[in-house]
Amino acid sequence: MQSHYSRSWTSQPPQGAPYELPPVQSVTPPAPFQPAPPQPGGFLSSQPARPSSGLPMSHLLQQSPVPTPATTYHPYESSVSPSETGPGTLPDASINGSAPTAGGLYRHGSGIGQHHQHSQPLQQKRAYRQRRKDPSCDACRERKVKCDASESTSCTECTNRKVRCQFTKETNRRMSSIKQVQDLEKQLWATKQQLQQVRSGIMRTENNMLEFDVDGMGQHQLKLPDIGYRPPRRPRAPVSQDLSNTRANLRIYGKGIWKVPSPYRPPGPKSLLTSDPPPLPPQDVAHHLLAQYHAHIHSTLPVIHWPTFLKEYEDVYRAGTLLGVTREWAGVLFGVFACGSLHTSDPNREEKGKEFVRTSCGVIDVWQDSFTLDQARAALLVSMFLYEVNSKSASWVWNGSAVRVAQEIGLHLESGPWPALEGEMRKRVWWGMYTWDRILALDMGKPVLISDQDCDIGLPCPVDEQFISEGGCVPEGQQTTPLLATIHVVRSIGQLTRALRSTTISTANLETFERHFSACLAVFPEQFHPKSDQYLEPRSLAPIIHLQNARLVLHRHNISPFCPPDVRSAALDYCVSVSQETARLLSRCMRPSPITGNRDWRVLLATAAGTMLCTHLWRCTLLLLFRQEYEAALVCVRASAAIRDSRVTNAACGRYVVFFLKCLLERLRRSEMVDLEADEEMMAYVSGDMQGASNGNWVWEGSETGAQLDMSPLRSGAVNPAVRDKRLAEEPEGWEGWEWIEQTVQYLLAEKEHRDRQQREAQLLRQPPEPSYRGSESTTGSPDSVPNQPSSSHSRMTIASII
């Protein structure tokens, strides 16, 4: 008989049976529906007691047998026995509302809930009025009409009146309790479905909005784009008729009201240089500038089709003037001159580059209302130059102008058909702007200007531009280009900048970002991997530095006071690990170049370095010095010393490192075992440019703002603002220089190695000696310990003299 009840209520219903909802015991308390503690059974898991087949009332009032006290019930029997029911209640029905048996009980199809075969006669017949209580809905009771509602459908009266069929009256609660339970189950199931849809979509939090997926356990997982992922194409409208006449009429009568979308818009009039063209630099100078631009910038961001550009350049110099060329192309030419001048060894390179930028901005017609690819290129080149000369706010504004021009001409959308060359260059210009927008946003702590949901254009083709020509087709290629490698890295920066708005980045999100960055690193050539020992050309460092910088900024966010001490310590560990990998990459650049022969690596690094590399080296140096990893810090310092004043920001970074070193030396002079992580002042100093971001800073709480800054005195007392501004302008010139930094780090490295050696010797002395040499070791141990104290004293005196 035990096997007869082996199936539980969670078994699948037979074919054609109504959908059986999950049990309610786990979500609904049984107290409101049962007068006594329930027996283990299927009451709350069953469907309502009212049969769905519309049985007459005589079947509902069928008499139920009363078991004798000696009779035992199986655990799967009904949860309310006839003896527990009051005089105004009905006997339990089965789960599927099947017909009653001869004994008056409803028999389940699988035998569950079936009573004992030998039931006793009924004790007493209930009163007529109690048996005549009809479980009518609220509306039918008020109107005093017959109610034909079932457990799955509303009654006819409520359906016709378009009202909700519900059982909430006090007199109906006992009769409709099971229906209420099922309604709650349905509502709970619908709520779970809605919650699942919300979790699988976009999750909005207080300070950020991140894209999440939901795993099988219902946990949120940060969603990052896969390598090579391309956005889905926009759906096209199903047009079955010829709309040529419609398009012509809309072009004519819509003129002056709106513009036709960019792919279907005729090109505007060309703006040519017809008088007073800007003078061209000497041809040998122009050749050198173009060569530097091609070697250091074009290899990473190929936004120009170089063969076509060179042909037009040669035509211009053959004519000796810019007369007759478009103003936009002239702006691109001087933008290339400006960016190329930054990668020369000319001491006046910055001033000459600024002259080129002024010419590039002045030659473009601001009244032109139709835009071209060259205008987008020119604005992008101006933004890149301004960033390299440390005018980052102006660079941010010009980057916005470049993005708006690109969106105006529809570069962010898959359109066409275009000729092979034009279609490929549209992709490269757009993804070049996309990359530059992400780089600026991460470095400056700004929001990204380009949303991934707004663009559906494909990735550029991974082939060299010399194989793409007018009238030809774009060949297939499988190799990875620097542009594609950089795109894979920066596609996660949109999510990363949103994550940086929160106070803490969770461990799960950190692991998700790290998996993505590891997948990006797998796309790079083998020489860029941290464990490789191959030579690295300094001009090829840009893509891998973007990857390392993104990892560093990600983990550095958790060193803020919002995080507990263990999270801050773990974040510093990850940051130091990334910094050490960067130092190993740079060490492979500090070799004689097999390409250029015995050329000094310092010259190569100085001409190839950009502002991004300078700031990344500065961040790594601060973290390595903070954790007393002086050997790796010395590599970063030597690289920064080789760059020197090739970039304006490098001198400012050196001045900050000097200040940081002095603070570090002062604390080491006080105690060699100082806990720097508990020093909030040093934690603020090592955070660096986190204090310049809008969301990640914390030191400016309670600081003066606005006009109060003009009235706030300096530490030495009230100072004339003119004198104060002058002194602040002169401060960057009076720092100790990179030689002092390198010597100080070398000294700290030597002192650390000396301390480590002493600790190893002390550990050897503390080891239990051998019995045969016990006497001799005791006599030799004391002399070895005597020089240790003067060494520590001498170390502190030397640090004091450095300060």
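The model is predicted: local features need pLDDT of at least 70, side-chain atom pairs count only at pLDDT 80 or more, and totals for chains, interfaces and linings use all residues. Residues are numbered from 1 along each chain as its sequence is written, and side-chain values use heavy atoms, with hydrogens and water left out.

The protein chain has 28 helices and 3 strands. These are DSSP runs, numbered from the N terminus: helices are H or I with at least four residues, strands E with at least two. Of the 803 residues, 44% count as buried. Buried means under 20% relative accessible area, exposed over 50%, and partly exposed in between (1.4 Å probe, protein chains only).

The largest nonpolar core has 152 residues. Such a core is a set of buried Ala, Val, Leu, Ile, Met, Phe, Trp, Tyr and Cys residues joined through side-chain atoms within 4.5 Å. Phe337 and Ile741 have the most contacts inside this core. Leaving out residues up to four places away in sequence, Ile741 touches Val637, Gly654, Val657, Val658, Leu661 and Trp735. A contact means heavy atoms within 4.5 Å.

Next, the rings. The whole structure holds 15 aromatic pairs. Rings of Phe, Tyr and Trp (its six-membered ring) pair if their centres lie within 6.5 Å; planes under 30 degrees apart count as stacked, over 60 as edge-to-face and the rest as tilted. Phe334 and Phe356 have ring centres 6.3 Å apart and planes at 40 degrees, so this pair is tilted. Phe334 lies in helix α9 (residues 327-341) and Phe356 in helix α10 (residues 349-363), so the pair ties together parts 22 residues apart in sequence. Phe334 counts as buried at 2% relative accessibility, and Phe356 counts as buried at 14%.

Tyr387 and Trp436 have ring centres 5.4 Å apart and planes at 90 degrees, so this pair is edge-to-face. Tyr387 sits in helix α11 (residues 373-388) and Trp436 in helix α13 (residues 420-444), 49 residues apart. Both Tyr387 and Trp436 are buried.
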